[in-house]
Amino acid sequence: MIKPGIPNNENERLRELRRLKILDSEQEKDFDELVELASIICGVPISLVTLIDTDRQWFKSKKGVTVDSTSRDVSFCGHAIYSDDIFIVENTLADERFYDNPLVTEDPNIRFYAGMPIKSTNGYNLGTLCVIDSVPKKLSKTQIQALEILGGQASKLIELRDKKLKLEASNEKLEALNQLNTQITSIISHDLKGPINSMRAYLNSKYVDANSPKDLAQLFPLVKNNLNSLHALVENLLEWSRSNNDVKLTNVNIKDIVSEICTLFEGNALEKEIKLKCEVGVDIEVVADLAMMRFILRNLINNAIKFTEGGEIAVDIEQTEDQKAIVKIIDTGVGIPNALLERIKLKDKKISTKGTRNEKGTGLGLQLVREFLSIHNSELKVESEEGKGSTFSFVLPLASS
């Protein structure tokens, strides 16, 4: 037996085969119909679409055999890919290359073989469309021509399959971009309105006299801080939109983030006569994506304000014995009706209800909060009693762990 050699362009040929993502793929009707037609035209019991891998020949489609692959060392197709022309062995027992080949001396007892190379669009012979019989055989000129045509059709099927995969990948990318656009729109709706409304609340507050130099002097640093926070927020949103698929888990000081976010909502809290308690007692570093954590806290604190009137909102952080931090946003607001609470716990999408002053929402806030927490291997927990308030919490690993 003479083993098939290795083509000079073997490395490039194998790279092409990998690029096409066809090895070990599912059965496909178009290829099955091709081998069926080849078998009928040539009058043989066995026909295959084979692809020559590093050390095996794998059958993309098969008729008359049950195995999915055989060793490349004993393959007939390994010889066939050396040429662009059809490769025919009319009687294997009379051919020194194959007479003692295990596929000849044992099952399936090959006596006749004809294989037409399957060529990729880049010119690499990937495998063959082949027909096999257990008796010696001679193909007619018409059968040879038909087999050459069918081999060309196999090449076109692989090309079409490749284009289909690329189109599907492109559609998935477009869908991802559409989702990103929706997320960014939601983030802008939630996050930019907060500090803007906060500054409006400062300026329109009944506690501020526009004609009082003292009141204006107190007001100026608050507005300045809000503008600075708003600028930082825009920068964060732009950074997040550019690297949405690039999660950056780092050590972040959760106390600093809470203080920063609470500053954004001081005006909103003042307008609704809410006491905003964000004095976290200890510095705790957690492992988190900074931009996502800012978004999570902005939304949860903003929602607490939305459903609280003349009460109190507190941000509390507890350190557990298993090296984790529990972050809680606790309000004394209107609470959540049981039916709605069940929907929230079941993670219904786009739940939107009006606040105490008919504040509207997009319904995407909690959905995105849950999504971002899942990236941190965490989840949002909700406890609420109607008329008494709500607690939203999540858990993060401490940096030291």
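**Figure 1. Helices and strands of the protein chain.** The secondary structure of the protein chain comes to 12 helices and 13 strands, where helices (H or I, at least four residues) and strands (E, at least two) are DSSP runs numbered from the N terminus. This is a predicted model, in which local features need pLDDT of at least 70 and side-chain atom pairs count only at pLDDT 80 or more, while totals for chains, interfaces and linings use all residues. Residues are numbered from 1 along each chain as its sequence is written, and side-chain values use heavy atoms, with hydrogens and water left out. Of the 401 residues in the protein chain, 46% are buried; buried means under 20% relative accessible area, exposed over 50%, and partly exposed in between (1.4 Å probe, protein chains only). Among contacts with a separation of 6 or more, 70% are between residues 24 or more positions apart, a contact being heavy atoms within 4.5 Å.

**Figure 2. A salt bridge between lysine 119 and aspartate 84.** The structure holds 24 salt bridges, each defined as a side-chain nitrogen of Lys or Arg within 4 Å of a carboxyl oxygen of Asp or Glu. In the one shown here, the closest N and O atoms of lysine 119 and aspartate 84 are 2.8 Å apart. This pair links distant parts of the chain, with lysine 119 in strand β5 (residues 112-119) and aspartate 84, 35 residues apart from it, in the loop between α3 (77-80) and β4 (87-89). Lysine 119 counts as partly exposed at 31% relative accessibility, and aspartate 84 counts as partly exposed at 46%.

Figure 3. Aspartate 162 and lysine 166 lie four residues apart, about one turn of the helix, in α5 (residues 141-191), and their side chains meet in a salt bridge with an N to O distance of 3.4 Å. Aspartate 162 is buried, its relative accessible area being 10%.

**Figure 4. A salt bridge between lysine 388 and glutamate 385.** The side chains of lysine 388 and glutamate 385 meet at 3.5 Å, N to O. Lysine 388 is exposed, with a relative accessible area of 57%, whereas glutamate 385 counts as partly exposed at 44% relative accessibility.

**Figure 5. The second largest pocket and its lining.** On a 1 Å grid over the protein atoms alone, a pocket is an open set of points with protein on both sides within 12 Å along at least five of seven lines, and its lining residues have an atom within 4 Å of a point. The second largest pocket holds about 240 Å³ of space, and of the 17 residues that line it, Val65, Val67, Thr70, Leu103 and Pro108 lie nearest its centre. Strands β1 (46-52) and β2 (56-63) each supply at least two residues of this lining, which divides into 12 nonpolar, four polar and one charged residue.

**Figure 6. The surroundings of glutamate 318.** Glutamate 318 lies in strand β10 (residues 312-319) and is partly exposed, with a relative accessible area of 33%. Leaving aside neighbours within four places in sequence, glutamate 318 is in contact with Lys324, Ala325, Ile326 and Lys328. Valine 282 is 36 residues apart from glutamate 318 in sequence, and the two are 9.5 Å apart in space, C-alpha to C-alpha.

Note on methods. On a 1 Å grid over the protein atoms alone, a cavity is a set of points where a 1.4 Å probe fits but cannot get out, and a pocket is an open set with protein on both sides within 12 Å along at least five of seven lines; lining residues have an atom within 4 Å of a point. Grid points are joined across faces, edges and corners, and a volume is the space filled by probe spheres set on the points. Ala, Val, Leu, Ile, Met, Phe, Trp, Tyr, Cys and Pro count as nonpolar, Asp, Glu, Lys and Arg as charged, and the others, Gly among them, as polar.
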